[in-house]
Amino acid sequence: MSEFLKQIEEAGIVGAGGAGFPTHVKLNAKAEYVLVNGAECEPLLRVDQILLAEETDKILEALSLTVKEVGAREGVLALKEKYKEAIKRLREKTGKYDNLRIHLLKNIYPAGDEHYIVHDVTGRIVPEGGIPLNVGCVVVNVETLLNIYNAVHGIPLTEKYMTITGEVRRPMTVKVPLGISVREAIDLAGGTDLKEFKVIDGGPMMGKILNSIDTPVKKTSKGYIVLPKDHGLITSKEKDITTELKETKTACCHCDLCTDVCPRYLLGHKLHPSKIMRMASYGSMGDSSATLDEAYLCCECGLCESACIMNLQPWKVNIWLKQKLKEKGIGNSNHRTDLTANPYLDVRGFPVKKLVYRLDLYKYDVESPYIDVDYRPEEVSILCRQNIGAPAKAVVSDGDYVRKGDLIYGQDGNTMAVNMHATMDGVVRINGNRIVITSKKEES
């Protein structure tokens with residue numbers, strides 16, 4: 001492993017959004033392109049566009065180093081054409097690098113899907129069930145690059161950028177210590193006037209409703225959206241699969257609109273949400289040209305629901321099917337590599353502004369400026385696993401005093417585990433799958 005990858009590994013860096021794949025593993029490869037996912041296509045979130053404008057030099061330096069590490073011909077910053085300030089700053093700075101360029105994306109959903117970005121930038125299509133590396137690409141997140149810059153300068157990952165918005169008094173984008181509670185993060189944005197509310201962790205499309213706002217902020221947290229508990233988006237996300245399957249049988253009119261907008265279908269993948277819905281409606285009497293394991297190709301972006309005139313949720317049916325297929329030991333048989341994009345791909349992108357109105361979020365689609373808050377918590381709770389992969393192992397004991405940046409969880413020889421570091425000074429208490437650090441003066 002190179003010194004560059006060792007620095008990333010030691011700093012405990014994972015993908016800043018999504019599943020949080022360990023970055024030292026992802027970059028231990030050779031590729032032709034390094035693509036920066038700066039689309040931030042989820043409505044209401046603002047982190048990446050702000051970082052591109054505010055931390056331009058650091059991000060470009062980290063990208064250049066990453067390009068050299070994987071032996072790529074170039075690094076491409078893919079961001080929406082609407083991010084004027086970020087584009088201006090990048091154009092001022094990219095000229096210093098002969099291996100970097102900017103690529104502008106339309107303001108559609110899901111422009112941030114890595115398969116979409118790969119095709120839009122390179123014209124290549126990621127194979128069914130495949131990853132960008134299969135076509136010579138590595139895709140990294142904007143905030144991940146900032147964390148890489150810090151890593152090569154000896155700074156481990158202890159803080160997280162996020163947008164806090166919705167029914168809060170001061171929507172903002174802010175940097176907070178990892179391990180503070182979601183409740184504290186919401187309070188930084190002035191709290192909410194709602195007596196009863198729910199919080200979405202992530203974007204409105206693919207984010208999940210939190211069971212408790214006392215859960216800790218993780219390395220993959222990207223934003224928190226506070227909404228009334230009876231908001232339509234909350235009701236939609238909380239609908240159980242039993243109800244959805246019943247509604248599918250009674251309400252699906254088999255119009256094919258869900259397939260028409262499906263990002264994977266438009267890239268030539270054998271995924272037909274409408275046919276799967278027919279099979280869910282009629283069982284064995286469904287469309288014989290469809291197979292249930294098509295569900296594995298679904299990226300769960302939720303766009304099919306926004307296109308459905310009956311408010312059905314093909315994506316949720318696909319998640320259910322994946323679980324059932326795995327239980328029966330049935331894997332994905334769809335692995336075609338010779339794919340051709342749908343000729344209507346360029347005109348079927350779903351405008352984000354239209355999506356915001358469809359989700360009834362227009363009143364929350366406001367500026368969430370970056371606010372530099374020097375927040376010093378009294379306590380943080382660091383989970384032993386905050387990413388896809390293996391849990392890390394505690395390297396400290398009850399009663400130990402640690403300082404911010406000290407290693408508290410190690411990999412224990414497992415490359416898919418990720419180091420965790422103290423995010424504040426204090427005394428350690430091990431509580432099951434987490435380490436709690438409480439502020440207390442060091443005893444002599």
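Strands β1 (residues 33–38) and β5 run parallel and are joined by five bridges, with helices (H or I, at least four residues) and strands (E, at least two) taken as DSSP runs numbered from the N terminus, and two strands counted as paired if DSSP finds at least two bridges between them. Within this pairing, Asn37 has Asn141 of β5 as its bridge partner. This is a predicted model, so to speak of local features takes a pLDDT of at least 70, side-chain atom pairs count only at pLDDT 80 or more, and totals for chains, interfaces and linings use all residues. Residues are numbered from 1 along each chain as its sequence is written, and side-chain values use heavy atoms, with hydrogens and water left out.

Strand β5 (residues 137–141) is mostly covered, five of its five residues being buried; here buried means under 20% relative accessible area, exposed over 50%, and partly exposed in between (1.4 Å probe, protein chains only). In a regular strand, side chains alternate between the two faces of the sheet. In β5, Cys137, Val139 and Asn141 point one way while Val138 and Val140 point the other, and all are buried.

Next comes a helix pair. Two packed helices are described by the angle between their axes and the distance between those axes. For helix α3 (residues 47–54) and helix α7 (residues 142–152), the axes come within 9 Å and cross at roughly 45°. These axes are lines fitted to C-alpha atoms, for helices over the stretch in contact, and angles run from 0 to 180 degrees between N-to-C directions. The two helices are therefore oblique to each other, given that angles under 35 degrees count as roughly parallel, over 145 as roughly antiparallel, 65 to 115 as roughly perpendicular and the rest as oblique. On the α3 side the contact (heavy atoms within 4.5 Å) is made by Val47, Asp48, Leu51 and Leu52, and on the α7 side by Val142, Glu143 and Leu146. Sorted by class, that makes five nonpolar, no polar and two charged residues; Ala, Val, Leu, Ile, Met, Phe, Trp, Tyr, Cys and Pro count as nonpolar, Asp, Glu, Lys and Arg as charged, and the others, Gly among them, as polar.

Asp48 and Glu143 turn up again in a network of salt bridges that also links Lys160 and Lys222. The structure holds 29 salt bridges, each a side-chain nitrogen of Lys or Arg within 4 Å of a carboxyl oxygen of Asp or Glu. One of them joins Lys175 and Glu159 (3.7 Å, N to O). This pair links distant parts of the chain, with Lys175 in strand β7 (residues 172–177) and Glu159 in strand β6 (residues 159–166), 16 residues apart. Lys175 is partly exposed at 27% relative accessible area, and Glu159 is partly exposed at 25%. Arg376 and Asp374 also meet in a salt bridge (3.2 Å, N to O); Arg376 is exposed at 69%, as is Asp374 at 58%.

Another salt bridge ties Arg278 to Asp256 (3.3 Å, N to O). Arg278 sits in helix α13 (residues 273–282) and Asp256 in the loop between α10 (241–251) and α11 (257–261), 22 residues apart. Arg278 is buried at 15%, whereas Asp256 is partly exposed at 29%.

Most residues other than glycine have a negative phi, and most peptide bonds are trans. Asp256, however, has a positive phi near 75°. His254, in the loop between α10 and α11, has a positive phi of about 55° and is partly exposed at 22%. Elsewhere, the peptide bond from Tyr109 to Pro110 is cis, with omega near 0°, and Pro110 is placed in the loop between β4 (108–109) and α6 (114–122).
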